[in-house]
Amino acid sequence: MPTPDKQLSPEQSRQVAETIREEIARRRISRQTLAEQAKLSLSTLEKVLGGRRPFTLATTVRLEEALGVSLRKGLEAASVSAANGDVSPDGLGAYSRRSVAWLEGIYITLRPSFGAKGAIYAYHTDIAWAPAVSCLVFREGERMDADYSQFGEVAVPNQSGHVYLVTNRHGQHRLITVSRPRITGEMYGIITTLLAGRGALLTPAAAPIVFLPIKTIRNPTVGRIASGDANYALYREHLRRTTEEPYALFFQGEPEKDGAA
């Protein structure tokens, strides 16, 4: 029987944090309100939700009692290493840890801003091997809209020559498909997601996306990057490369002029 101060693994903590963020958004309550109901400090709640501190069993139980939901479903299964050791499940490409070590690291992630014309949205994506689930996982950070930060599994199949970052939360998917890294580490591709609108309205959306190794940028900036930012031209050039070289194609679905079906 685990002790009350037992720490959850990084992957377990990410799963719990994601569920809590979903509950906060669904109930439209503030983090301050939840912290008070769970008898936690707001600072503690912010740190565990932001990934700066792992969840403990005691903290998780308090939050479960405050929310009235289980946050630990499936954690026992997730904590068991895959039988094949350092090889990912077949559904992710059956890759070995050694064969994908070059993908691990922190990336500056770029896509067009969905809310400000001409601006670029930039944030961190951390890709690392997770022994508990025997595969690469990714986790987003430094997002302006922190409650919508994503995490999930990374598929690297040999056949397509691309890398897939897959979020699957209760059947709701978000998919990023990018090229294998260039010699300097950049990856270019497409993000397909849901764009939040008024109220509960969600609209399917797709956009070019770029992953730049953070070590290749002298002074990386994140957030909504406008034309006055020192990195704006660099970031814009990488997004342009995605569609013009092209690493990704976007079809508008224009009808054929000859009237063919």
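1. The hairpin of β4 and β5. Strands β4 and β5 form a hairpin with six residues between them, and G161 in the turn has a positive phi of about 75 degrees. The strands named here are DSSP runs of E with at least two residues, the helices are DSSP runs of H or I with at least four, and both are numbered from the N terminus. Strand β4 covers residues 151–155 and pairs with β5 in the antiparallel sense over three bridges; two strands pair if DSSP finds at least two bridges between them. The bridge partner of V154 in β5 is L165.

2. Basis of the note. This is a predicted model, in which local features need pLDDT of at least 70 and side-chain atom pairs count only at pLDDT 80 or more, while totals for chains, interfaces and linings use all residues. Residues are numbered from 1 along each chain as its sequence is written, and side-chain values use heavy atoms, with hydrogens and water left out.

3. The chain as a whole. The chain has six helices and nine strands. Of its 261 residues, 41% count as buried. Buried means under 20% relative accessible area, exposed means over 50%, and partly exposed lies in between (1.4 Å probe, protein chains only). Among the contacts with a separation of 6 or more, 52% are between residues 24 or more positions apart; a contact means heavy atoms within 4.5 Å.

4. The pairing of β5 with β6. Strand β6 comprises residues 172–179 and pairs with β5 in the antiparallel sense over eight bridges. L165 stands opposite I176 in β6. The hairpin of β5 and β6 has two residues between the strands. H170 is found in the loop between these strands and has a positive phi of about 60 degrees although it is not a glycine. At 72% relative accessibility, H170 counts as exposed.

5. Leaving aside neighbours within four places in sequence, S179 is in contact with H162, V163, M187, Y188 and Y247.

6. Most residues other than glycine have a negative phi, and most peptide bonds are trans. K39 has a positive phi of about 60 degrees although it is not a glycine. K39 lies in the loop between α2 (31–37) and α3 (42–49) and is exposed, with a relative accessible area of 67%. A cis peptide bond joins E245 and P246, with omega about -15 degrees. P246 is found in the segment after α6 (232–244).

7. The buried side of α3. The buried residues of α3 are T44, L45, V48 and L49. They cover an arc of only 120 degrees around the axis, which puts them on the same side of α3; the arc is that of the directions from the helix axis to the C-beta atoms. What covers these residues includes α1 (10–27), α2, α4 (57–67) and β3 (135–141). G51 follows α3 and has a positive phi near 80 degrees.

8. The packing of α1 and α4. Two packed helices are described by the angle between their axes and the distance between the axes. The axes of α1 and α4 come within 12 Å and cross at roughly 25 degrees. Axes are lines fitted to C-alpha atoms, for helices over the stretch in contact, and angles run from 0 to 180 degrees between N-to-C directions. The two helices are therefore roughly parallel to each other (angles under 35 degrees count as roughly parallel, over 145 as roughly antiparallel, 65 to 115 as roughly perpendicular and the rest as oblique). V16, I20, E23 and R27 in α1 meet T60, L63 and L67 in α4.

9. S227 and G118. S227 is placed in the loop between β9 (223–225) and α6 and counts as exposed at 62% relative accessibility. S227 and G118 are 109 residues apart in sequence and 8.1 Å apart in space, C-alpha to C-alpha.
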